[in-house]
Structures are given as structure tokens and as C-alpha cells.
Amino acid sequence: NDFAQGNWVEGLTTYLSNYYYDEATGNQQEAFITRRRMVYEYNLYAEPDKEYPVRTFHHKETRMDNAIGYQKTALAFHMLRQEIGDVAFFNGVRRIIQEGTGTYLEWNDLLRIFSKAAGRDLGWFFQQWIDRPGAPTVHIRDIMVHEDPPQQGHFTITGTILQAEPSFAFGLPIHVDL
């Protein structure tokens, strides 16, 4: 990549070698630990008042650079894969290799490649995760579990999920253990 146009290579390499390798070889627990570490390091070192967009990352000099250029970017690739599915994502990765061998690719090329692979415009995704600093802040409160009296063993869960501004569009998986 051309550093003047942003460095996406470190994030994709981090994603594929540090996370996806464990997933692909069946080590789901280690993959989960790696993802959790990436989120932790991003939250720890990316200072909200100093953070910059992923697109402007060029190389690592500080822990915050590492958090943005490696951790957040790797997580953005993971979210992109979840958004478009494995087939489209890995077709996009193959296309990056085909088009990028011997030349420079920049973020706009990745937007074009992954949009084509997905069969839809992903501009909103890149604008949100690549062109904007920050990440969602979510608060969950007032969680209550009520047993449904007519059907013993059935429960209703209620609560409020709030997102601080600026808002992000993203899936929020919820796992409930009773």
C-alpha cells in the first residue's frame, strides 16, 4: 500500500494471521481470546479526544497507532466479513491479491472490490468504520426477567439498549444464560 493513502495491509494481515488462522484451524477459544484482546487494546490505547480515522493510519509509532492501525482495522475486516458473508469476503481478498500484486491499492480500491464481491454498495460501512474515528458506546440498563405465568418455563426479558452519539449501524449479538 501507499502510506500516503492509508495503510490497510497491517490490519488485514493482523486479521488473517492473528485471528482467522485460529478460527480456520478449529481453535475457536483462541480466536475468541484474540478478538477480545483486540477490543481490549483498542479500548485501552485509543484515546477518544486524540483518535483518528483508520484511513489516516500509515505506520505504528505509538500504542494508539497500534490500537487503530492493527486492532481496530482487523476488527473492521471482521465486521466486514460478518456483513457480507464468508464467500463474498474471501472472494474480495482473492481479488485484492489479483489486482494488488505488483502495484498499490488504497482504501477506495478495497471499497470497490468488496462492494463488487458483495453485490452491493458498502460505502456506508467504509464511511462509518474507516473514515470516522471512534467506536460505538453502548449502555444496557433496566434488564428484567419475567416468568410467563401461563407457560411455565417461558420467560420474557425486557430492558433498554442505548447508544451514545455519534451512532453506528452494527449488529449487537445478545447471549442470555438463565
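These questions and answers walk through one predicted model. Residues are numbered from 1 along each chain as its sequence is written. Local features need pLDDT of at least 70, side-chain atom pairs count only at pLDDT 80 or more, totals for chains, interfaces and linings use all residues, and side-chain values use heavy atoms, with hydrogens and water left out.

User: Which pattern does the protein follow along the sequence?

Analyst: The protein has six helices and two strands. Helices (H or I, at least four residues) and strands (E, at least two) are DSSP runs, numbered from the N terminus. Read along the sequence, the pattern is α-α-α-α-α-α-β-β.

User: What does the C-alpha trace of the protein span along its principal axes?

Analyst: The protein has 178 residues. Its C-alpha trace spans about 65 × 35 × 30 Å.

User: What percentage of the residues in the protein is buried?

Analyst: Buried means under 20% relative accessible area, exposed means over 50%, and partly exposed lies in between (1.4 Å probe, protein chains only). Among the 178 residues, the buried share is 35%.

User: How do the axes of helix H3 and helix H5 lie: roughly parallel or roughly antiparallel?

Analyst: Two packed helices are described by the angle between their axes and the distance between the axes. Axes are lines fitted to C-alpha atoms, for helices over the stretch in contact, and angles run from 0 to 180 degrees between N-to-C directions. The axes of H3 (residues 63-84) and H5 (residues 107-118) come within 11 Å and cross at roughly 20 degrees. Angles under 35 degrees count as roughly parallel, over 145 as roughly antiparallel, 65 to 115 as roughly perpendicular and the rest as oblique, so H3 and H5 are roughly parallel.

User: Is the crossing of H3 and H5 left-handed or right-handed?

Analyst: A crossing is left-handed if the near helix is turned anticlockwise from the far one by less than a right angle, and right-handed if clockwise. For H3 and H5, the crossing is right-handed.

User: How many salt bridges are there?

Analyst: A salt bridge is a side-chain nitrogen of Lys or Arg within 4 Å of a carboxyl oxygen of Asp or Glu. One of them joins Arg81 and Asp86. The count comes to eleven.

User: Which residues are linked with Arg95 in a network of salt bridges?

Analyst: Arg95 forms a salt bridge with Glu99, with the closest N and O atoms 3.1 Å apart. These two are four residues apart in helix H4 (residues 86-100), which means about one helical turn separates them. The network links Arg95 with Glu99, Asp109 and Arg112.

User: Which strand gives the largest share of the nonpolar patch?

Analyst: Patches are made of residues with over 30% relative accessible area and no salt bridge: like charges are joined within 9 Å, nonpolar side chains (Val, Leu, Ile, Met, Phe, Trp, Tyr) within 5 Å. This surface patch, including Val138, Phe155 and Leu178, has about 1,100 Å² of accessible area together, by the Shrake-Rupley method with a 1.4 Å probe, where only the protein chains shown count as cover for residues. The elements that give two or more residues to it are S1 (138-147) and S2 (155-163). The largest share, four residues, comes from S1.

User: What is the phi of Asp142?

Analyst: Asp142 sits in strand S1. Its relative accessible area is 55%, so Asp142 is exposed. Although Asp142 is not a glycine, its phi is positive, at about 55 degrees.
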